[in-house]
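Dear colleague,

I am handing over the structure below, and after it you will find my notes on what was found. Please read them with the coordinates open beside you.

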Amino acid sequence: MSTIKDKLLTKAPLSTAVPWWQKRAFTISVALLGLALIIVTMTINVATYESHLATGETILLELAPVDPRGFMQGDYMALRYALEDEVFAALNQDRGRRPNNAEGYIIVARDKNNVGQFVRLADPKLDSLATINLAANEMVIYYRIRNNTMMLATNAFFFQEGLAEAFEAAEYGRFRVNDKGEPLLTNMVDGEFNIIKGVSIDDAKRLDNLENRGRLGSGM
């Protein structure tokens, strides 16, 4: 019995609780570290985006009809590209390549208006960017297919609320394509190859009315 008491008396004391201020300092340190990582990541992403805009080659891709119910949704428009149908048609020629989930490169030729026209596909298993032979007016665009849906950069374009009417005139998406073939959507373009600035129809009418009043006031 005395032996048990001796062991209990000689047992090391329980560790003291960490002071609250040390716990708080640790929590603040972890939060600051997380914030620093977020800032670094955002900085890198912004730099990559700006580099893509500055150095990417310009190309226009023709828009294709989409479900009218999903075309305009408040402050964005759903997008589909005519190029998608040509890619799927080319893939369907080879039954072994019919995709559910796939990726690869599209070779397009740019016309005098920088509109991209489908030429052929490059198999990513056989062709790397370095080995693809291109004509002077050709370029490579990377694509991926997930669940039979093709992704070219983005399938939506966002704009300021109230400008939907202006973007209904869009016929092309304007892209910057980097050296990896990755397209970045920058603008919507109308049938006259003008970049749509995002002026609503109502604003345009008001501007016309003001101009007309100015002409009348000046006696023109």
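Ile 106 stands opposite Ile 141 in E5, strands here being DSSP runs of at least two residues (E) and helices runs of at least four (H or I), numbered from the N terminus. Before going further, please note that this is a predicted model, in which local features need pLDDT of at least 70 and side-chain atom pairs count only at pLDDT 80 or more, while totals for chains, interfaces and linings use all residues. Residues are numbered from 1 along each chain as its sequence is written, and side-chain values use heavy atoms, with hydrogens and water left out.

The hairpin of E3 and E4 has 5 residues between the strands, and in it Asn 114 takes a positive phi near 70°. Strand E3 (residues 101–110) is largely enclosed by the rest of the structure, because 7 of its 10 residues are buried, where buried means under 20% relative accessible area, exposed over 50% and partly exposed in between, with a 1.4 Å probe and protein chains only.

There is also an open sheet of 3 strands, in the order E1-E8-E9 and with antiparallel pairing. Its edge strands, each pairing on one side only, are strand E1 (57–62) and strand E9 (183–189). Neighbouring strands of this sheet are turned by 30° against each other on average, direction ignored, the axes being lines fitted to C-alpha atoms, for helices over the stretch in contact, with angles running from 0 to 180 degrees between N-to-C directions. Strand E8 (residues 172–177) is joined to E9 by 6 bridges, and Phe 175 stands opposite Leu 185 in E9.

Both of those residues, Phe 175 and Leu 185, are among the contacts (heavy atoms within 4.5 Å) of Tyr 81, not counting residues up to four places away in sequence. Tyr 81 lies in the loop between strand E2 (76–78) and helix H4 (82–92), and it counts as buried because its relative accessibility is 0%. The side chain of Tyr 81 reaches the backbone oxygen of Thr 154 at 3.2 Å. Finally, Tyr 81 and Gly 173 are 92 residues apart in sequence, yet 8.4 Å apart in space, C-alpha to C-alpha.

With best regards

Note on methods: A polar contact is a pair of N or O atoms within 3.5 Å; within protein, one must be able to donate a hydrogen and the other to accept it, and residues adjacent in sequence count only if both atoms are side-chain atoms. Two strands pair if DSSP finds at least two bridges between them.
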